[in-house]
Amino acid sequence: MIAFLLVFTVFLLVVYSILIMYYRHGWVKIKDFEPFEKNKPILLNLATRVTIIIPARNEAMNIGRCLNAIIEQRYPSGLFEVIVVDDHSTDDTALIVESFNKPNICCINLKDFVTGSINSYKKKAIEIAIAQAAGELIITTDADCFMGPDWLQTLVAFYEEKNPVFIAAPVLINNSHSFLSIFQALDFMTLQGITGAAVNSKLHNMCNGANLAYTKAAFIAVNGFKNIDTIASGDDMLLMHKIATHYPEKVLFLKSSKAIVKTQAVTNRKAFFNQRIRWASKADKYNDNRILPVLMLVYFLNLFLFLMPVIALVNNRVFFIGMFQFSLLAYWLILLLIKTGIELIFLYPIAVFFEKKNILWWFPVAQPFHILYTIIAGWLGKFGSYQWKDRKVK
């Protein structure tokens, strides 16, 4: 049994390493999109009307910064509008939005459209906003996000040049000096690298709702969130798959440093696990069957790498390779080092893109914690419940 565990873990690591190197190749192959003069951003001759949608619940601490970043965009204010959907906030979120007093910024209250309890308030918020949207291009972001002044015109320039119907764009977690925030930044950069590589190579669909763009026409064509509106999460990837099914060649990833949206790391372990359990909860809801084998590979590799040292403490058998002998614990250390090295090779060009090379030193330290969190979040995402915006979701 122990020998089988060892052999199977080695097999999974080999397959995983091949996949990670494929992702690395896919990321490097994406051409940077830079529609500006070098080191001199200029306003482009763009004409697309845009609606930016921000679902918000109890975001009084964040919404002002987000809206200020949007107001400072180098894009004509007459060509974009911002719709903030206040999701039953009990703080001053709506008052802060209204205090901006801008003709292209409005706040609508979800409680005016929803009676009773539903399972996906965020999807409903986006759906209601799109019904009122004047823009042909819908852009979604979150209330706790902020971006540089060229974000909007970069997205629109990409849209006008490439003519996609769905754009997945980069998101960065802004870390502090705490280990938890650095851990999140590293983990999220990894996900962003996989997202770019997978979307660009058409391997499978991934995205993040903090920085998405899609046409209103495409949203209507796939009947919006119909048939996925009972799932609490998934306003991003589940919608992406619906649109990709109808328009497989028109779903693109935008790789541009000017298009990055930044968000803050969560500040405590409970919030972190609730967030990641929420992400994991939609894993078995994907209709994109290409991503399920990837998720299973990642989960079981981490599970076996967790079990190996536990079993070694009980029965640390010795295995022979030619004239050499290694204990199960030694094999575990070797496999862990290989996994860490492969992931670092993958992560380096992504860290360069996000200007986060300085935190790569923490990656080997974070590896054991990453294995443990993957197992816990994956299990609870399937069988547990989580808190999201002060609501318990099963």
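1. In this predicted model, three strands make up an open sheet of mixed pairing, arranged in the order 5-10-7. Its edges are taken by strand 5 (145-147) and strand 7 (171-174); each has a single partner strand, so one side of each is left without a neighbour in the sheet. From one strand to the next, the twist averages 35°.

2. Within this sheet, strand 5 and strand 10 (residues 261-264) run antiparallel and are joined by three bridges. In this pairing, F146 stands opposite K262 of strand 10.

3. A further open sheet consists of seven strands in the order 3-2-1-4-8-6-9, again with mixed pairing. Strand 3 and strand 9 (251-253) are its edge strands, each pairing on one side only. Here the twist from one strand to the next averages 20°.

4. Strand 1 (residues 50-56) and strand 4 (residues 137-140) run parallel and are joined by four bridges, with I52 standing opposite I139 of strand 4. Strand 2 (residues 80-86) and strand 3 (residues 105-109) also pair in the parallel sense, over five bridges; the bridge partner of I83 is C106 in strand 3. Between strand 2 and strand 3 the chain passes through helix 3 (residues 93-99), forming a right-handed β-α-β crossover.

5. Which helix packs on the seven-stranded sheet, touching strand 1, strand 2 and strand 4 among others? This is helix 5 (residues 151-162), which also touches strand 6 (166-168), strand 8 (212-215) and strand 9. The direction of helix 5 makes about 140° with that of strand 4.

6. Helix 6 (residues 179-201) and helix 11 (residues 328-354) have axes that come within 9 Å and cross at roughly 100°. The two helices are therefore roughly perpendicular to each other, since angles of 65 to 115 degrees are counted in that class. On the helix 6 side, L186, M189, T190, Q192, G193 and I194 take part in the contact, meeting F346, L347, I350, A351 and F354 of helix 11. By class, this contact comprises eight nonpolar and three polar residues, with no charged residues.

7. The structure contains 19 aromatic pairs. One of them joins F183 and Y373: the ring centres are 5.6 Å apart and the planes stand at 80°, so the pair is edge-to-face. This pair links distant parts of the chain, as F183 lies in helix 6 and Y373 in helix 12 (residues 363-383), 190 residues apart.

Definitions and conventions: Residues numbered from 1 in each chain as written. Predicted model: local features only at pLDDT ≥ 70, side-chain atom pairs only at ≥ 80, totals over all residues. Heavy atoms only, no water. Axes fitted to C-alpha atoms, helices over the stretch in contact; angles between N-to-C directions. Parallel < 35°, antiparallel > 145°, perpendicular 65-115°, else oblique. Contact = heavy atoms within 4.5 Å. Nonpolar A, V, L, I, M, F, W, Y, C, P; charged D, E, K, R; others polar. Pairing = 2+ DSSP bridges. Right-handed = clockwise from strand over helix to strand, strands pointing away. Phe/Tyr/Trp six-rings, centres within 6.5 Å; stacked < 30°, edge-to-face > 60°.
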